[in-house]
Amino acid sequence: MIETVLIATDGSEAAAAAERYGIALAARLGARVVGVSVVEERMARGLRAEGLGVPPPPVEALENFLTARAEAACKRLAALAREKGVECSTEVTRGIADDVIVERGKQADLLVLGRDGEHAGFRTALIGSTVDGVLRKTNKPAVVVPVGAEPSGPVLLAFDGSPGSRIAARLAVEIAGKLGETIHVFVDSKDKGRSAARFDEVRRLLGAPEVGVREAASTLGRPDAKIVDAAREAGAGLIVMGAFGRSRIHEYFLGSNSAAVVRSSPIAVLLAR
């Protein structure tokens, strides 16, 4: 049961998207919010390191700026929570951002993260390094929010029969029930028999939910692209899928459908575990 939602913020545009989405989701779930903003130690630590005989610059002003920014981000989050009638506590702390978020997240039921991070405009990757670190280290379900995502519309469940997707099915039922939204089940399989078996399994997992359930399958194209397309067609406000698929070790090192969906989706993605 989702009772506590942790929202990580760094004051960036991407974090603001996560704040809005996370608060709106918590309000509809009846959950409380814990906000955390981390003053990143690696930035100041790098400036303190001497190299090539060049003395490091003073870092006190930078540290003061980062602290003030983190405090302002938490104030913004708290104000938004008050506006929506959501119970909220916030914390500004120091450390390695992804490690701190993972540690604080142990006390939460769900994490909410902005996808692109503070330095999105200065890199070529499509997911922030802090978010990537959190997703690899946490054992909690996490929602990754792209800029512009809204928590309204059906829940799309991407089901592949893996242990992660079975957890995703249970979360989809809980969330869709609380939101009063339809569940759209998407199964990707090039084998019709396997596809039918997966639909049978997911029907058993979903049971008799209080909301409507629709089903769709596909046999052609890349699974990640088809999941995103199906979510767009459904007008979904959330994609729910397992953090790891049927070959967890292979996917952790070489990239997975879930990672590809997170990178490309204009819709928030909940990675279940």
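**View 1. Helices H1 and H3 run roughly parallel to each other.** In this predicted model, helix H1 spans residues 13-29 and helix H3 spans residues 60-84. Their axes come within 10 Å and cross at roughly 30 degrees. Angles under 35 degrees count as roughly parallel, and H1 and H3 are therefore described in that way. The crossing of H1 and H3 is right-handed. On the H1 side, the contact is made by Ala15, Ala16, Glu19, Arg20, Ile23 and Ala27. On the H3 side, it is made by Ala73, Arg76, Leu77, Leu80, Ala81 and Lys84. The residues of this contact divide into eight nonpolar, no polar and four charged.

**View 2. Helices H6 and H7 are oblique to each other.** Helix H6 covers residues 163-179, and helix H7 covers residues 192-206. The two axes come within 9 Å and cross at roughly 45 degrees. The crossing of H6 and H7 is right-handed. H6 contributes Arg166, Ala169, Arg170 and Val173 to the contact, while H7 contributes Glu201, Val202, Leu205 and Leu206. Five of the residues in the contact of H6 with H7 are nonpolar, none is polar and three are charged.

**View 3. The largest nonpolar core has 43 residues.** Within this core, Val5, Val143, Val145, Leu157 and Leu270 touch the most other members. Leaving out residues up to four places away in sequence, Val5 touches Ala26, Ala31, Arg32, Val33, Val34, Leu110 and Val112. Another core, of 33 residues, lies apart from the largest one. Its members include Ala97, Ala108, Phe186 and Ala236. In soluble globular proteins, nonpolar side chains tend to be buried together.

**View 4. Helix H10 has buried residues.** Helix H10 spans residues 257-264, and Ser258, Ala260, Val261 and Val262 are buried there. The elements that cover these buried residues include strand S5 (142-145) and helix H8 (223-234). Strand S9 (238-242) and strand S10 (269-272) are also among them.

**View 5. Ala234 is found in helix H8.** Is Ala234 buried or exposed? A residue counts as buried when its relative accessible area is under 20%. Ala234 has a relative accessible area of 19% and is therefore buried. Leaving aside neighbours within four places in sequence, Ala234 is in contact with Pro154 and His184. Ala234 and Thr182 are 52 residues apart in sequence, and their C-alpha atoms are 9.7 Å apart in space.

Terms used:
Residues are numbered from 1 along each chain as its sequence is written. This is a predicted model: local features need pLDDT of at least 70, side-chain atom pairs count only at pLDDT 80 or more; totals for chains, interfaces and linings use all residues. Side-chain values use heavy atoms; hydrogens and water are left out. Axes are lines fitted to C-alpha atoms, for helices over the stretch in contact, and angles run from 0 to 180 degrees between N-to-C directions. Helices (H or I, at least four residues) and strands (E, at least two) are DSSP runs, numbered from the N terminus. Angles under 35 degrees count as roughly parallel, over 145 as roughly antiparallel, 65 to 115 as roughly perpendicular and the rest as oblique. A crossing is left-handed if the near helix is turned anticlockwise from the far one by less than a right angle, and right-handed if clockwise. Contact means heavy atoms within 4.5 Å. Ala, Val, Leu, Ile, Met, Phe, Trp, Tyr, Cys and Pro count as nonpolar, Asp, Glu, Lys and Arg as charged, and the others, Gly among them, as polar. A nonpolar core is a set of buried Ala, Val, Leu, Ile, Met, Phe, Trp, Tyr and Cys residues joined through side-chain atoms within 4.5 Å. Buried means under 20% relative accessible area, exposed over 50%, partly exposed in between (1.4 Å probe, protein chains only).
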